[in-house]
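Welcome! Take a moment to look over the sequence and the structure, and then read the notes below.

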Amino acid sequence: MSWVCRLYRSSLGAKYVMASTGVLLLGFLIAHLLGNLQMFAGADAVNSYAESLRALGPLLWVARIGLLVIAGVHIVTALRLAKANEAARPVAYVKQASRQVKPQTKTMVLSGLVILGYVVYHLAHFTWGFVLHDYSTLVDTEGRHDVYSMVVYGFQCWWVSASYLVALALLALHLCHGITSAFQTFGLNHAKYATAIKLTGPAIATLLFLGYASIPVACWLGIVQILEGT
Amino acid sequence: MSAQQSGHQGHSTMKVTLHVWRQKDARDPGRMVGYPNVECSPDMSFLEMLDVLNERLMEKGEEPIAFDSDCREGICGACSLTVNGIPHGPRKGTTVCQLHMRSFEDGAELFIEPWRAKAFPVLRDLVVDRSAFDRIIEAGGFVSVRAGGCPDGNAIPVPKEEADQAMDAAACIGCGACVAACPNAAAMLFVGAKISHLRHLPQGQAEQKRRAQAMVDQMDSEGFGNCSNYLECEAVCPKEISVKVIAEMNRDYLSASLTREEQKNDGGGAG
């Protein structure tokens with residue numbers, strides 16, 4: 001397997017790892033969003049979906065550990081690349097300038113690390129119950145964990161919603177650059193599709209932002225609310 | 001060229017203030033030195049303006065500023081100055097030797113620095129050692145064929161589109177502006193161009209995978225950075241080479257890593 005190590009150690013190999021783990025994490029974001037959007041289908045839909053995820057048992061743990069490993073590899077490789085990039089220019093220019101460097105490209109490591117911090121907080125809030133309330137005791141009429149009420153209660157707190165939107169905006173910026181870059185990393189660049197590829201990153205990032213942001217906004221507007229008797 | 005065309009109506013001379021990187025040798029830490037009110041003609045090239053300054057410095061018994069230049073026609077890739085933070089200066093698709101002083105305002109303040117990269121150590125003032133590029137070419141930027149006699153024209157058919165792509169990539173003059181401009185000091189555009197101009201021709205395809213692997217591995221060992229898709233290289237390239245060549249390199253290296261078996265005689269040239 002020496003060729004695998006050789007590939008991973010190379011500059012391009014590290015980029016393939018960044019792109020493929022990034023695509024897998026994007027897959028998770030899409031799946032998570034589809035799950036979350038069931039908030040609009042009512043308490044029963046969300047709670048039974050949550051119950052079915054829990055019923056996966058050991059498979060759920062396989063998915064969780066898999067996600068953790070993918071995210072870990074994405075982050076460790078990013079930091080390794082950032083360190084190598086810094087070492088490649090030991091003496092900086094006195095006069096700094098650029099022609100077309102975009103802010104989202106320049107801040108990939110920073111936005112990535114802030115998103116990591118937010119994900120830990122997000123888990124502490126909704127999954128582990130360390131922040132504000134322990135929601136694990138919420139139960140619906142059928143005796144299932146009441147995820148629906150948990151989300152509505154959570155987003156009723158203004159700073160929970162505000163930090164959620166800020167983190168989403170950073171995630172969208174990260175994806176704007178990341179998704180389009182993944183095409184280039186895998187060598188998918190053709191004059192015929194250049195514009196489409198350029199727009200794919202911003203388009204997917206905007207859709208994900210709108211999808212995720214719709215939930216706290218719906219909670220504020222009362223479109224999604226706790227119904228009497230639940 | 002008339003003063004009218006130059007954009008400096010009524011002025012046959014202009015003055016610029018220069019801040020130039022001065023460094024005695026590779027071990028000297030170096031510093032910026034100011035040269036106020038350097039007089040020049042708007043019709044001079046950037047390098048001619050430096051020649052004038054150097055003559056004045058020598059008249060005063062001072063060391064002239066060392067900088068690389070050769071053809072001064074924008075085709076050799078020797079000149080390598082960063083002007084106000086942009087390699088080759090502000091004009092798109094232009095080497096600094098083809099940049100004229102009329103591109104700047106009278107009284108402009110210009111910061112002139114060498115290419116900055118670990119793989120391009122400064123030898124003196126504005127001169128850097130770019131032999132890392134030569135070693136990358138030695139690793140695989142060639143075609144191992146017995147040249148023999150001159151083949152008949154069109155004996156090997158090459159589709160026009162492929163020939164165009166090969167020629168576009170072959171426009172690379174190896175100046176290193178891509179490395180100088182990249183926030184990561186990466187050499188991807190250079191290596192991509194060298195891989196691309198051979199991979200589009202039938203003669204270059206036999207060694208396509210070996211070449212990509214050998215050249216990228218050499219690039220890594222020289223200490224260049226990684227690609228973050230800033231696209232700054234493409235923006236400063238005096239030959240306007242597209243980052244498409246980087247995608248082609250990425251594709252070749254991936255396919256070589258996944259499918260190519262190591263050969264015992266890797267690294268060897270023509271038989």
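How much area is buried between chain B and chain A? It is about 3,700 Å², with carbon and sulfur atoms giving 52% of that area; buried area here is the accessible area (1.4 Å probe) that two parts lose on being put together, summed over both. This is a predicted model, in which local features need pLDDT of at least 70 and side-chain atom pairs count only at pLDDT 80 or more, while totals for chains, interfaces and linings use all residues. Residues are numbered from 1 along each chain as its sequence is written, chains are lettered from A and ligands numbered from 1 in the order in which they are written, and side-chain values use heavy atoms, leaving out hydrogens and water.

**Where the chains meet**

- On chain B, 55 residues are in contact (heavy atoms within 4.5 Å) with 35 residues of chain A.
- One salt bridge is counted between the two chains, where the term means a side-chain nitrogen of Lys or Arg within 4 Å of a carboxyl oxygen of Asp or Glu.
- That salt bridge joins the side chains of A:Arg6 and B:Asp217, at 2.6 Å from N to O.
- Several elements of chain B each supply at least two residues of the side that touches chain A, including strand 5 (109-113), helix 8 (208-221) and helix 10 (244-259).
- Helix 10 of chain B gives the largest share of that side, ten residues.
- The side of chain B that touches chain A has 30 nonpolar residues (Ala, Val, Leu, Ile, Met, Phe, Trp, Tyr, Cys and Pro), twelve charged ones (Asp, Glu, Lys and Arg) and 13 polar ones (the others, Gly among them).

**The second largest pocket**

- The second largest pocket holds about 510 Å³ of space.
- Its lining has 21 residues, and the closest to its centre are A:Lys102, A:Thr180, A:Lys198, B:Asn229 and B:Leu231.
- From chain A, helix 5 (103-106), helix 8 (158-185) and helix 9 (194-221) each supply at least two residues of this lining.
- By class, the lining divides into eight nonpolar, ten polar and three charged residues.
- A pocket is an open set of points on a 1 Å grid over the protein atoms alone, where a 1.4 Å probe fits, with protein on both sides within 12 Å along at least five of seven lines; lining residues have an atom within 4 Å of a point.
- Grid points are joined across faces, edges and corners, and the volume is the space filled by probe spheres set on them.

**Chain A as a whole**

- Chain A has nine helices and zero strands, where helices (H or I, at least four residues) and strands (E, at least two) are DSSP runs numbered from the N terminus.
- The C-alpha trace of chain A spans about 65 × 40 × 40 Å along its principal axes.
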